[in-house]
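Trainee: I am new to this structure and would like to go through it by question and answer. Please show it to me.

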Amino acid sequence: MDSANTELSQDTFLVGIGASPGVAIGEVYLVERSRVRAVERRIPASEVASEIASFHEAVAQAKHQLKDVKEQVADHAVSEHLYILDAHLLILEDEMLLRETIKGIERDLLNAQGALKRALARFRDVFEHMEDDYLRARQWDVETVGERIMRNLTGTRQTSLQEIDRPVILLAHDLSPADTLQMDREKIIAFVTDVGGRTSHTAILARSLGIPAVVGLETVTTLIPPGSQVVVDGGNGTLIVNPEEETLQEYRGRQSLYRDLEAQLGAYRELPAQSLDGERIGLFCNLELPDEIDLVRRHGAEGIGLFRTEFLFMRRNTPPDEEEQFRIYRQAVEGMAPHPVTLRTLDVGGDKFVPEFNLSDEANPAMGLRAVRFSLRERRLFRQQLRAMLRASAFGNARILFPMITGVCEWRQCREILDEVRQELVAEGAPMADKVPAGVMIETPAAALIADLLAHEADFFSVGTNDLIQYCLAVDRGNEHVAYLYDPTHPAILRALLNIGAAARDAGIPACVCGEMASEPLYALVLLALGFNELSMHASGIPHVKRLLRQAYRHEADELLSQLLSFTTSREVASHLEESMAKRFPEIFSPKPI
Ligand code: PEP
Ligand code: MG
């Protein structure tokens, strides 16, 4: 990053990672999002009374804050939100939390922060062993309330995104996928963060929601005073602080060019996705929220290649039950019929944190209890989800996809459970499609290496390049410090994809790419030549990829791939690819300067 001194002068350009395209110009609004750190220390007996008083004060403050929020949202919030606030107020009245903390101060001579931290840890332990799902879900409430008291004790304030009442550019150290889900597009016109990578789920959601974003700016929150005027160019990852009039004009020009291009690309909606010599490729959409179906149709998608169902479990207190899931899946399947809808089973873990599942304490969450590993442990939840999916299959063309498979045994376990659930539903007389294809997500190096074995048993493949690249190259997809190593053109990635494409072709099964690589026109021909016949991406990526495919011949793709496979380093691959594509499609890759 081009860093600047604390007094940022006019027109300071900072460069991070372009996470979601689009240009926004506006005022920055700083939000505090890092988790508050409690400092635990022993206290002399003489400080007991004052620590207890501080604790009571922090609890009283929390009550005021919650009542204020309740008043603010009362007019427009759905009743569920008010109910949550009431539940949190009740926890503040709860004797147990208060007593446990005060006991820690009096008996163990801990400061209030330390005593509260320990009390919360004890609660966590108790909740974890509860059988009752409803009670277990209450743990999240206690944690949230505990965090609020802790903030008051430590004097750290957290801004709620709902407090924002005018269009701003959000500036934060980090934003969770759950934060992004809550963004009101009218108020948050763009966001920039210190941390993050292009394929983190926060970035993926920003693209789905059409919010321009730059991530990985490292120390940006410490550099820009709140209220400063900035320009965000999410396409190339640039942030311009205190822009001069000339710069503003240039970016206003880019903004309208960008809008014009989007409008022109609308013309591609009804056209088939096929090369000049007639090779068809399925262009599908990735879906995070069920209410995006209209958007998907508007962009001319021929199906949903990936429904990230875990987002249905975020931003709420209790997981959606079978009926609610069924309604949502049915809506998607029915809404897209006769096109396919690929329902992926829960992929929690990694950066997708669902509070009530309590996965937060893993030292290495990306390699921990994630995706089908979690589902295979939480069988009841897994079966419930599969029931809802199979029931929804009666209303159109559904496929079921299992994430993060690492071996044939794991795949067979998933498939067996799916078969059992089907039998159960047959016995109940529930209507279902006769055949619901079940697919494997290829996103671990192990799955890529045994793609031939998996292809014999699966009905289709879907390649999650976001994770495949992360795990193959050992690069955390959300870490800005190693983002320079995150490289789809690495020869290891090309070879892994070659192996997967060949295995699918030999077994005669469809193969899709649903990672972010699929949305970049730069890689479209390479993926076609590698043997993938479906590409799935965020809705607004579809016309861009379609435009390119419609101007290309299949044999060019094959020639390009064989040249790329002859190189030794990713630098050679990347520069040859970029040069060839820019030469062949100048209006796409080297647009005229404004
Ligand atoms: C992937 O890993 O490429 C993928 C599509 O799944 P997710 O981004 O949700 O991990
Ligand atoms: Mg993945």
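Trainee: In which helix is aspartate 467 found?

Mentor: A word on conventions comes before the answer. This is a predicted model, in which local features need pLDDT of at least 70 and side-chain atom pairs count only at pLDDT 80 or more, while totals for chains, interfaces and linings use all residues. Residues are numbered from 1 along each chain as its sequence is written, chains are lettered from A and ligands numbered from 1 in the order in which they are written, and side-chain values use heavy atoms, with hydrogens and water left out. Helices (H or I, at least four residues) and strands (E, at least two) are DSSP runs numbered from the N terminus, and aspartate 467 is found in helix α17.

Trainee: Is aspartate 467 buried or exposed?

Mentor: Buried means under 20% relative accessible area, exposed over 50%, and partly exposed in between, with a 1.4 Å probe and protein chains only. The relative accessibility of aspartate 467 is 2%, so the residue counts as buried.

Trainee: Which residues are the protein donors of the magnesium ion (ligand 2)?

Mentor: Donors are N, O and S atoms within 2.8 Å of the metal (3.2 Å for Na, K and Ca); water is not among the atoms, so sites may look incomplete. The protein donors lie 2.0 to 2.1 Å from the magnesium ion, and they are Glu443 (OE) and Asp467 (OD). The pair links distant parts of the chain, 24 residues apart: aspartate 467 is in helix α17 (residues 465–472), and glutamate 443 is in the loop between β13 (438–442) and α15 (445–449).

Trainee: What separates the C-alpha atoms of aspartate 467 and glutamate 443?

Mentor: Contact means heavy atoms within 4.5 Å. Leaving aside neighbours within four places in sequence, aspartate 467 is in contact with Arg370, Glu443 and Arg477. Glutamate 443 has 1% relative accessibility and so counts as buried. The C-alpha atoms of aspartate 467 and glutamate 443 are separated by 5.3 Å.

Trainee: What volume does the largest cavity have?

Mentor: On a 1 Å grid over the protein atoms alone, a cavity is a set of points where a 1.4 Å probe fits but cannot get out, and lining residues have an atom within 4 Å of a point. Grid points are joined across faces, edges and corners, and a volume is the space filled by probe spheres set on the points. The largest cavity is lined by 14 residues, with Arg308, Arg344, Glu443, Asn466 and Asp467 nearest its centre. Its volume is about 70 Å³.

Trainee: Which element gives the largest share of the lining of the second largest cavity?

Mentor: The second largest cavity holds about 50 Å³ of space. The elements that give two or more residues to its lining are α7 (201–209), β9 (282–287) and α10 (293–298). The largest share, three residues, comes from β9.

Trainee: Is alanine 371 buried or exposed?

Mentor: Alanine 371 is not a glycine, yet its phi is positive, about 55°. Its place is in the loop between β11 and α12 (372–377). With a relative accessible area of 0%, alanine 371 is buried.

Note on methods. 1 Å grid on protein atoms, 1.4 Å probe; cavity = no way out; pocket = protein on both sides within 12 Å on 5 of 7 lines; lining within 4 Å.
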